[in-house]
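Please work through each task before reading its solution.

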Amino acid sequence: MKSISLYTQNGSFLTKLEPFDKLFYVLASVAAPSIAGQLPAYFLPIGISLVLLIHSRLFKKALPMTVVGLSLILTVWIVQGIFSQKNETPLFHLGPVTFYQEGCLIAARIGLNILNMFFSFACFVFSTRPSDLVEDMERVGFSPKLGYVVNSVFQMVPQMTGAVGTITDAQRSRGLETEGNLLTRAKAFLPLISPVVMSALINTRERAIALEVRGFDAGLQKTFLREKTKKASSFWIRLFCAALLAGAVVWRGLTWK
Amino acid sequence: MEIKVTKLKYRYPQSKTLALNDISFEIHPGEFIGVIGENGSGKSTLCQALVGLVPHFYRGAYGGKVLITNSSNQTIEVAKVPVSKTCTSVGLVFQNPFNQLTGAKETVFEEVAYGLQNFGISKEEIFRRVEEALRLLDIEAYRDRNPFDLSGGQMQRVAIASILAMHPDIIVLDEPTSQLDPQGSEEVFAAVDRLTKTGIIVIMVEHKMEKIAKYSDRVMLLHQGRLIDFDTPEKIFSRDDLEQYGVTEPAFTQLCKKLGKTLPNGLYPVTLEAAGGLLTYGEGGLAESEAKETALKPQYAEVLKAEHLTFHYTEGVPILKDVNLTLDGRTTAIIGQNGAGKTTLVKLFKGLLKPVEGKIFFQGEDISKHTVASLASKVGFVFQNPNDQIFKTSVLDEVMFGPLNIGMRQQEAKEKALEALELVKLSDYAQENPYDMGLSQRKLVAIASILAMNPQVLILDEPTIAQDYKGKEIIQSIIRKLRAEGKTVITIIHDMDFVEECFERTIVFAKGSVLADGPTREVFAEKEILRKAYLEQPHMTQLCQALGSRRIYLTPQEAAEGFGQ
């Protein structure tokens, strides 16, 4: 079954860290530059995230999305650089088109924000098993029901894709053409989608029973399978995140006008 | 441990008839209880009442009492405590393994551990019990696999392991072995039977009468929500009115009934051993009348042919290895262990999958030149799960869908559909909504929907799952009719007795290749090959061999005649 989770188990540095520590890092690295309010402040978290991604052999996985991000930023730059309302100071000319300094600065801020968020999220998403995160959330008191929903989404999407495959086969066996022009495909829609929906409804009821008989609602203190030991790395990561935020506040104070 | 049910009555919401009607019984520690009855007799409802899902989950009208005493001598009334409390003492395994998985766990190991986590059992204990359950069900090899990637039979093993790991005092199993290969289902019966030695109560709903007879201490016979009889297997199966309740005796009992052989106490034997002890072959015992061998082997025309067929889903994990096979007009059963590649093979025949190497011919023509839809009118394939195809709101429309797709006119399609419904004995249900029908009937609707397309070849994937005695009879009569019309019927199946009843040729499949192929009688004589393929001989064959008969009899009827009734 093809998982929709982006998690890669490669035993690297990032995958070994605690999910919450990585979440703290995401928060700190996104918040810090905004607090500091200076453009150069973005380069530090972006740099750290990039080093982490490359070191944990995850950069390749982030590359396709990076390209998408960069093309988005390019669009923002063109639009803001030429048309922003704040534009006053011409920066350079490209043929008949003039780019202005104010717009380019706005575009740079948006672009750096996007890149920063994207890279730090990548550090988290590519290296964290969703069910580990859910388990940690349940440990600190989130509802197990919420946990179940999150986990089941990761299972159900590929499961449904599988079901659609079987149903397509079953209907093709009854002479339904599923390939061809738009009309043929439109006609095939109902016979393909109805069994998916109906089966899902039937399954939901039975699955509710299955959970019930496995003590889902028992209301007892749940046992977690993963050992939870306080890691030294946790302390240092959280300290670093706090330092990042504190540094940002200080920087903001120093440059206050 | 004890179960005490008094005057239990229950009616589902929006239903007019009682699903359980005035049922009373007691079950004692260490008992293995078999529950039999036709579909709709209330077996599953009774199972759910024992765990408290009836009435807590289904609501409806409820009367009477279900009292459960667990191993710590606590007595609970299931209607008065939540299911989450009852399920600490009573475990329920139900029929469809797919819906029994939590759908939130990524590996078999975590899936089996899930219930234990909810009960807050210590981590060490969880690891110990999960290991034990995996070993018991022989699924250790799949521990890190995603449960949804497993075949139906393997999933069923995971479902059973998940409940056994919770160490319930009472285990209720509702047709837990429907999708398992014969050896696998024997292992499950033997495993839960061992548990009764420690005082655990096992309640098992099954259509496999030989297993019920072999393992049960007492058998419950249900009919239309009533408890008709609750007694030892010998007494239950010696009744002469079983047919009216839609159940049949074990094959051994059938033979003894035909021969009029009873035990000293006047009852009929129900197990292989008991029947074997009663019937002696040779001097003073049963004499074998001269065998009437069928004369000249008729010649059959080739219908489907596979040449050097090789297939895999992922490179390096072969599913089929260089399979060469010619199928003809004979009814053919393909049997083999769960995951042997049987379904993959028939999907290739149907053109749903493309061979990695090799070719498939239909009546001499390479099928790779045709689309699946254009093959549909020639090769019909009934999927295992009817829910994968049903989408219309009336049975008639559903059955007409295929015929209309292959270009029949409205009138003709309707005629064909009605004919097909007549064959599956569902003519009265033509205007019903298929979703209001039970699984066994929906399966018959799916069969009818393919029959109506009038294909030259009909492939059935596990047609007898969820069918009771009557349902199996219907399917048998369809197979015989098609055979007489010169159509080819191929099936994938785990029910060996059904194979012997109506298939002329049997192909044993193991690990992606053909292990044995020949007339059913000859294949079933090969005890060793069957064992290797995780199969077993049909019950009558087992008995004949135990008696030292020279001939292999496949059905009780045949054996009775052969033994010179």
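**Exercise 1.** What pLDDT does chain B average, and where in chain B does pLDDT stay under 50?

Solution. Chain B averages a pLDDT of 90, and 96% of its residues score at least 70; pLDDT is the predictor's confidence in each residue, from 0 to 100. Over residues 290-296 of chain B, pLDDT stays under 50. For that stretch the model has one contact beyond four places in sequence, a contact being two residues whose C-beta atoms, placed from the backbone, lie within 7 Å. The model scores ipTM 0.83 and pTM 0.85. This is a predicted model, in which local features need pLDDT of at least 70 and side-chain atom pairs count only at pLDDT 80 or more, while totals for chains, interfaces and linings use all residues. Residues are numbered from 1 along each chain as its sequence is written, and chains are lettered from A and ligands numbered from 1 in the order in which they are written.

**Exercise 2.** Determine in which sense β9(B) pairs with β3(B) and with β10(B).

Solution. Helices (H or I, at least four residues) and strands (E, at least two) are DSSP runs, numbered from the N terminus; two strands pair if DSSP finds at least two bridges between them.
- Strand β3 (residues 32-36) of chain B is parallel to strand β9 (residues 218-223) of chain B over four bridges, and B:Ile33 stands opposite B:Arg218.
- With strand β10 (residues 226-231) of chain B, β9(B) pairs in the antiparallel sense over five bridges; B:Met220 has B:Phe230 as its bridge partner.
- Two residues separate β9(B) and β10(B) in a hairpin, where B:Gln224 in the turn has a positive phi of about 45°.

**Exercise 3.** Describe how α2(A) and α3(A) pack.

Solution. Helix α2 (residues 19-36) and helix α3 (residues 43-55) of chain A pack at about 160°, with axes 9 Å apart. Axes are lines fitted to C-alpha atoms, for helices over the stretch in contact, and angles run from 0 to 180 degrees between N-to-C directions. The two helices are therefore roughly antiparallel (an angle over 145 degrees). A:Ser29, A:Ala32 and A:Pro33 of α2(A) meet A:Pro45, A:Ile48 and A:Ser49 of α3(A).

**Exercise 4.** Which strands stand at the edges of the six-stranded open sheet of chain B?

Solution. The strand order is β16-β17-β18-β13-β19-β20, with mixed pairing. β16 (379-382) and β20 (513-519) stand at the edges with a single partner strand each, so one side of each lacks a neighbour in the sheet. Strand β19 (residues 505-510) of chain B runs antiparallel to β20(B), joined by six bridges; B:Ile507 is partnered with B:Asp517.

Terms used: Angles under 35 degrees count as roughly parallel, over 145 as roughly antiparallel, 65 to 115 as roughly perpendicular and the rest as oblique.
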